[in-house]
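Biologist: I would like to learn how to read a structure like this one, feature by feature. Can we go through it together?

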Amino acid sequence: MKKTLLVALSLGVSVAATSTMASSVDPEKDRQEAVKFFEAKTPNVPIADYINGAYIYDADKMAQWEAAEEFPPYLDAVDAGEALWNQDKAVYEKCFGSDTTNIRQHYPYFDEKTQQVVTLEWAINICRENAGLKPFKYKKGDIANLSGYLAYQARGEKIDVKIDSEGAKAAYNKGREFFLEPRGQLNLSCAKCHTYNAGRKARSNILSPHVGQTTHFPVFRAKWQELGTLHRRYGGCQQNMRAKPYAAQSETYRNLEFFEAYMSNGLEINGPGYRE
Amino acid sequence: MNSTMKQLLTALAISSAVIASPASVQAADKGATAIEQGKKLAFSRSQGNCLACHMVADGAMPGNIGPALIAMKLRYPDKQKLYNKVWGTPDTQNVPNSMMPPFGQNGILTDEEIGKIVDYIYTL
């Protein structure tokens, strides 16, 4: 009895180890497979619609959401973001250029010099710090409003994450692995909810597909009554998994964003979005 | 891993003991309270939270990630197998990418709590 269990447990470990080692995949092939997977799952929903998240799976919720978007609750936050931009305009223009419609779509990217994924929020704070300004806190408030403003300005542009180096590929694979690996007390992974069970309900919450998950961030959630960043949401989901969240803009979450954004390549930027 | 092992072995020992003793020996009202407690545990968001994923009897706002928990006696003539499934013994974790949390293995619920939940869902 004891022996069998030990064998079973050690087998489990070695299987996990093998799958970790074998997981350096080709990002473009990986993305196309994910798209095919979702197309097969829900043939009547064009991938371009995945920017609308879980609402693609429920006509009633989609209708309610469209009604909410007619008087978007996040416009004040966008205005606040614009004011923040103007307040330190000279600083930001040095880092990002003066065309605010041409910023959001260049993030996240892989920086070859530092071998790090650079997200928009991270770049904003680096820019501020280099100019001697105080960095913003990462999950809500000024950072979300400024990022929301830049998303709003770039609406209709497409997500276009590039992976053309070994370093970038490795960052993608790290993000991918994080996404796939079960963690936390409930033994859940991001993929269990947002890939394999996308479209199903956890209680009354419909699970969104991971393709398209980054297009509309930051998001104004009814639950939050304010804009929150993508990494705030990552932290929330990890808490639901009873796993310890990582810090917003930690390398782990930046790699995760890199993976998720690459998965959303070709989709329209429609941030900030409104969600339940 | 060692402590998991230990937990696992204890779980198996305890659970078989519990289930081997005929339930009918217990007074009917005692049984009923265990079942009620089991239902509470199953429905509570911070404990079993089975409704997050399963339709369960009259539970409000069930998810539909896992199969509805109905006709459990029919599907699990051997109650120990049902216990093992909820506990999460390795042989029951055989569905690829399953969302079903291993409640006993990961220490989400105690063996006793799982026993009560199993008593409850066995009535469904």
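**Reading the model**

Modeller: Start with one residue. A:Pro245 sits in the loop that links helix H10 (230-240) to helix H11 (251-263) of chain A. Keep in mind that this is a predicted model.

Biologist: Is A:Pro245 buried, partly exposed or exposed?

Modeller: Buried means under 20% relative accessible area, exposed means over 50%, and partly exposed lies in between. A:Pro245 has 28% relative accessibility, so it counts as partly exposed.

Biologist: How far apart are A:Pro245 and A:His231, in sequence and in space?

Modeller: They are 14 residues apart in sequence. In space, the distance is 9.7 Å from C-alpha to C-alpha.

Biologist: Now the whole chain. How many helices and strands does chain A have?

Modeller: Chain A has 11 helices and seven strands. Its radius of gyration is 19 Å, close to the 19 Å that the globule rule gives for 276 residues, so chain A is as compact as a globular protein of that length. The C-alpha trace spans about 70 × 45 × 30 Å along its principal axes.

Biologist: What share of the residues of chain A counts as buried?

Modeller: The figure is 52% of the 276 residues of chain A. For chain B, 40% of the 124 residues count as buried.

Biologist: What are the elements of chain B?

Modeller: Chain B has five helices and zero strands. From the N terminus on, its elements read α-α-α-α-α.

Biologist: Next, salt bridges. What do I look for?

Modeller: Look for a side-chain nitrogen of Lys or Arg within 4 Å of a carboxyl oxygen of Asp or Glu. By this rule, there are nine salt bridges over all chains. One of them joins the side chains of A:Glu28 and A:Arg31, at 2.9 Å from N to O.

Biologist: Where do A:Glu28 and A:Arg31 lie?

Modeller: Both are in helix H2 (residues 27-41) of chain A. They are three residues apart, about one turn of the helix. A:Glu28 is partly exposed, because its relative accessibility is 27%. A:Arg31 has 16%, so it counts as buried.

Biologist: Which residue of chain B forms a salt bridge with B:Lys116?

Modeller: The partner is B:Glu112, at 3.6 Å from N to O. B:Glu112 is exposed, because its relative accessible area is 58%.

Biologist: What about A:Lys162 and A:Asp160?

Modeller: They form a salt bridge too, with their closest N and O atoms 3.0 Å apart. A:Asp160 is partly exposed, with a relative accessible area of 42%.

Biologist: Last, surface patches. Which residues form the positive one?

Modeller: A:Lys134, A:Lys137, A:Lys139 and A:Lys140 form a positive surface patch. Take A:Lys140 as the example. A:Lys140 lies in the loop between helix H6 (120-130) and helix H7 (142-153) of chain A. Its relative accessible area is 44%, so A:Lys140 is partly exposed.

Biologist: Which residues make the nonpolar patch?

Modeller: A:Phe37, A:Leu180 and A:Tyr196 make a nonpolar surface patch of about 230 Å². A:Tyr196 belongs to helix H9 (residues 190-196) of chain A. A:Tyr196 counts as partly exposed, at 30% relative accessibility.

Methods: Residues are numbered from 1 along each chain as its sequence is written. Chains are lettered from A and ligands numbered from 1 in the order in which they are written. This is a predicted model: local features need pLDDT of at least 70, side-chain atom pairs count only at pLDDT 80 or more; totals for chains, interfaces and linings use all residues. Side-chain values use heavy atoms; hydrogens and water are left out. Patches are made of residues with over 30% relative accessible area and no salt bridge: like charges are joined within 9 Å, nonpolar side chains (Val, Leu, Ile, Met, Phe, Trp, Tyr) within 5 Å. Accessible areas come from the Shrake-Rupley method with a 1.4 Å probe; for residues, only the protein chains shown count as cover. Lys and Arg count as positive and Asp and Glu as negative; His and the chain ends are not counted. The place of a charge is taken as NZ of Lys, CZ of Arg, CG of Asp or CD of Glu. Helices (H or I, at least four residues) and strands (E, at least two) are DSSP runs, numbered from the N terminus. Buried means under 20% relative accessible area, exposed over 50%, partly exposed in between (1.4 Å probe, protein chains only). The radius of gyration is taken over C-alpha atoms; the globule rule is 2.2 Å times the number of residues to the power 0.38.
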